[in-house]
Amino acid sequence: MYIGVDYYPEHWPEERWPEDARLMRDAGFNVVRLAEFDWVNIEPEDGVFTFDKWDRALGVLARHGISAILCTPTAVMPAWVARKHPETLALQKDGTRVTWGVRKNNCFSSGTYRFLSQRVTRAMAAHFARTPNVIGWQTDNEFGHPFCYCETCRADFQHWLRRKYGTLEALNRAWGTHFWGHRIQSWEEIPIPIDPGSHNPSACLDWQRHFSWMNVRFQQEQVRILRELCPGHFVTHNFMGLFPELNYYDLARDLDFVSWDNYPVWGPPEVRYDSSMAADLMRGLKPGNFWVMEQTAGPGGWGTYGRNPRPGELRNVCYQQLARGADAQIWFRWRTCTAGREQYWHGLLGHDGRALRRYREAAQVAGEYRRLEGLLEGTAPEARVAMIYDYDSLWAVRIQPGYGGNDYVNAARRYYRPLFRAGVAVDFIPPSADLSRYRVVFAPDLYVLPDAVAEALARYVEGGGVLVSDCRTGVKDATGLCHERTLPGLLAPVFGIEIQEYETIPASAAHPFVGRDPVAGTFTGTLSADWVIPGTAETLASYRDWHLQPYAAATRNRFGRGTAYYIGTIAREDAFYDAVVRAALAGGGVSAPVVPPAGVEVSVRTGPRAELLFLINHTEEEKTVRVPAGRVELLSGEVTRDELTLGRFGVAVIRMRP
Ligand code: GAL
């Protein structure tokens, strides 16, 4: 198992390197990530490459048994690139170029930049292909920025559209350019839809897809070279969890596995739902287990720093990822830098370079992971529940939300959090995924619903699946035009409802609704109200206001051998979603391995050799969990009784099988 840290030897005198490597080895680390932003030292002049310093750094690390992941350094262009080729700097909306001196500031359609990226990648790959302790590559750093509005990007967009649609007629149809007299008569007329608030939403959706595709293409160009010259190395990229600008399924396609950067400790301690949700999404991209390439090591911040992780909290953050499928743990960063924008982004070591509390906690984690390593091998979380997570819907909602406050990621959270609280595992999947292995599928806010996806969902329910969906599902087709059908379109028979009218609920208002078994209680409808007309569906919840009384707030329908739930509003209360999720899980015959108390996370990794149950206490109070008796808790070595107590931020790993 690889455990280590992001290391920037170029920030420190060479005399310090052996001490760093020794401390890493003593902490139980066996890997570092290197060279992320070091293009200017690798290629100090156009086409002139030097690797001596990196060879020496890798030598020191090798002598301490530490392997290395190298980065293609293209996230920061050297000053000479900007000077010689100013057009490689992204053009902003106001028509000015990004000022050199930050990072991620290049235009992705620039032929020059793409050429330079490939050349430096080739030089590095050729040089390090046979360096014994180099094991793999990270492409660039955190793809996703910046958007560029230059003429080259515009031409690139036009070509992309031409390849996608073939004819202007098809493009005009797909975008609905009869509206406002926007018919396009030649490809060159197509503008960059610069204002997502007023440009054609279909054009905006394609522009976002094109940006995503340009990033994927840029990465692909590097990956191709790395595969050619370094066939023995893996290639990955450091994703950013719930970051919304790229289609992460596409970005993952060319990689060996997904890695991600997890920075959860900011505000007061709280249940870290989003870190779990991001981990589950990361596992769904490829799909498979993933690496954590950057992990909070201390208070972070570019101007002001955040909260310091409390004793036990860094360890807790690690176990959350391990439990969700992390196969490697790499901290960001080793030593807090004394210069530059990230002086307050703290590493395991402070500015003083001493190995203090956070270092010791990281060493403790490494020691524990080493003990678990043999059992972890080949294990992964397994889920019978899926969450459809769709970038087209995410983007289309952002471009034109419909109801005020519509947020696609929040829609996923509405159902994710109750699943987390219930202790039930979930896979994140694209709308095109095979649903047959899932008993329950959540598809909230599935705004963009091509007919093929609707038909697959219908077949899934008909065959016995449980489907849960809510407001704005099925509104648009793949190109962003509204379907010409009464909502929820092709899913109307599946949900057994019709929605003829709908509205935003203004922030100052709310519509109470009353639910009956299995969602009994009084709740508050906010943000959006679908005026749901039940057909074959039974009404599970009804609005109280006089004008909404004829309509349902939530319904359930038998369709074929399965069941479909439709939730027509956004409840303020978590308890409502807990009840919906409980009902759906019960209907699908899915139960948790252990029912956790509030604030405790449950996850299982299953493999041929073992089944490991992880319990993670996100609170600063003791928590007692009912667990199966007579199993071994691997961190303490103790045999479990019926109950297990977790201290503050405590974790436990119970071997359930064999
Ligand atoms: C990450 C990035 C790192 C470092 C860190 C702290 O997003 O990949 O290079 O900048 O944030 O800001």
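Okay, let's start with the inside: buried residues make up 61% of the 658 residues in this chain, where buried means under 20% relative accessible area, exposed over 50% and partly exposed in between, using a 1.4 Å probe and protein chains only. Keep in mind that this is a predicted model, where local features need pLDDT of at least 70 and side-chain atom pairs count only at pLDDT 80 or more, while totals for chains, interfaces and linings use all residues. Residues are numbered from 1 along each chain as its sequence is written, and side-chain values use heavy atoms, with hydrogens and water left out.

So, overall size. A compact globule with 658 residues would have a radius of gyration near 26 Å, and the chain agrees, with 26 Å. That radius is taken over C-alpha atoms, and the globule rule is 2.2 Å times the number of residues to the power 0.38. The C-alpha trace spans about 75 × 75 × 45 Å along its principal axes.

The chain has 17 helices and 27 strands. These are DSSP runs, numbered from the N terminus: helices are H or I with at least four residues, strands are E with at least two.

Now, which residues touch the most other members of the largest nonpolar core? Phe29 and Tyr389, out of 204 residues. A nonpolar core here is a set of buried Ala, Val, Leu, Ile, Met, Phe, Trp, Tyr and Cys residues joined through side-chain atoms within 4.5 Å. Helix H8, residues 201–229, gives the most to this core, with eleven residues. There's also a second, separate core of 13 residues, and Val600, Val625, Val627 and Ile654 are among them.

Back to Phe29. Leaving aside neighbours within four places in sequence, Phe29 has contacts (heavy atoms within 4.5 Å) that include Ile3, Trp331, Trp334 and Ala366.

Next, a sheet. Five strands form an open sheet, ordered E21-E22-E27-E24-E25, with antiparallel pairing. Two strands pair if DSSP finds at least two bridges between them. Strand E21 (600–606) and strand E25 (638–639) are at the edges with a single partner strand each, so one side of each is left without a neighbour in the sheet. E21 pairs with strand E22, residues 611–617, over seven bridges, and Val604 has Leu613 in E22 as its bridge partner.

Last stop: helix H17, residues 574–588. How far does H17 reach from its first C-alpha to its last? Its 15 residues reach 21 Å, close to the 21 Å expected at 1.5 Å a residue, where the expected span is 1.5 Å times one less than the number of residues. Just after H17, Gly589 takes a positive phi of about 70°.
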